[in-house]
Amino acid sequence: MLFFLLMFPYTTIFALLYLGWAYILNWQTPSRGGRMITSFRRSKWWKYFCEFFPLTLVKTADLDPNKNYIFGYHPHGIIGLGAIGNFGTEATGFSAKFPGIVPHLLTLRMNFTFPFIRDLIMASGVCSVDKESIEHILQKMGSGHSVVIVVGGAAESLDAHPDSLKLTLKDRKGFVKMALKCG
């Protein structure tokens with residue numbers, strides 16, 4: 001779409017303005033808590049998404065909204081659609097089940113390099129999974145924030161096969177160190 005906008009003289013200026021805004025002025029936004037849009041997260045479309053796959057969120061404990069949390073998510077799967085439906089949207093009722101806690105699903109920084117896609121994923125509260133981003137969310141954004149890390153990462157997604165669940169944790173201790181560091 002960006003290439004299409006750059007091809008025509010009447011839309012080139014808009015494409016260049018977007019590129020400057022997204023990749024120069026707002027390049028650090030995914031590492032600084034993102035740009036969550038509540039109405040996007042509450043869109044009716046996400047309900048259909050969660051019904052199609054089918055996704056549910058089960059609450060097993062009450063969480064204090066005056067604290068921050070690191071959630072580990074498993075399994076990754078091919079794309080991590082369960083994590084998107086449960087923590088990147090309100091379709092399964094995260095805010096109703098855990099009032100006062102704002103989830104930030106984390107993904108690779110590389111996913112924020114694609115034009116327009118970066119803004120869509122940030123609208124659902126997705127942020128970068130780098131150390132600076134986690135520290136910013138848990139230490140500088142105040143209480144009631146959480147990060148959701150798919151602990152197996154890309155390595156675990158390659159092990160996604162029908163009727164098998166493989167947890168990839170070897171050499172994945174960074175989230176535990178962050179939990180200890182951020183309290």
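This is a predicted model: local features need pLDDT of at least 70, side-chain atom pairs count only at pLDDT 80 or more; totals for chains, interfaces and linings use all residues.
**View 1. The buried side of helix α8.** S133, I134, E135, H136, I137 and L138 are the buried residues of α8, where buried means under 20% relative accessible area, exposed means over 50% and partly exposed is in between (1.4 Å probe, protein chains only). Helices (H or I, at least four residues) and strands (E, at least two) are DSSP runs, numbered from the N terminus. What do the buried residues of α8 pack against? They pack against β1, β2, β3 (127-128), β4 and α10.

Residues are numbered from 1 along each chain as its sequence is written, and side-chain values use heavy atoms, with hydrogens and water left out.

**View 2. Two helices, α8 and α10, side by side.** Helix α8 (residues 131-140) packs with helix α10 (residues 174-182) at an angle of about 35 degrees, and their axes are 11 Å apart. Axes here are lines fitted to C-alpha atoms, for helices over the stretch in contact, with angles from 0 to 180 degrees between N-to-C directions. From α8, the residues K131, I134, E135, L138 and Q139 meet M178, K181 and C182 of α10; contact means heavy atoms within 4.5 Å. I134, I137, M178 and C182 are among the 10 residues of a second, separate core.

View 3. Four strands make an open sheet, ordered β1-β4-β2-β3, with parallel pairing. Two strands pair if DSSP finds at least two bridges between them. β1 and β3 are the edge strands, each pairing on one side only. Helix α8 lies across β1, β2, β3 and β4, and runs at about 150 degrees to β4.

**View 4. A closer look at strand β4.** Six of the six residues in β4 are buried. One side carries H145, V147 and I149, the other S146, V148 and V150, and both faces are covered. β1 and β4 run parallel and are joined by five bridges, with F71 standing opposite V148. Strand β2 (residues 102-107) also pairs with β4 in the parallel sense, over four bridges. Here H104 stands opposite V147, and V102 has H145 as its bridge partner.

**View 5. The largest nonpolar core.** This core has 15 residues, and F71, Y73, F87, F94 and V148 have the most contacts inside it. A nonpolar core is a set of buried Ala, Val, Leu, Ile, Met, Phe, Trp, Tyr and Cys residues joined through side-chain atoms within 4.5 Å. β1 (69-73), α5 (81-87) and β4 (145-150) each supply at least two of its residues, and the largest share, three residues, comes from β1. Not counting residues up to four places away in sequence, F87 touches R41, L57, F71, Y73, F94, P103, S124 and V148.

View 6. N86 sits in helix α5. Is N86 buried or exposed? N86 counts as buried because its relative accessibility is 6%. The side chains of N86 and T92 are joined by a polar contact of 2.9 Å; such a contact is a pair of N or O atoms within 3.5 Å, and within protein one must be able to donate a hydrogen and the other to accept it, while residues adjacent in sequence count only if both atoms are side-chain atoms. Leaving aside neighbours within four places in sequence, N86 is in contact with T56, L57, T92 and F94.
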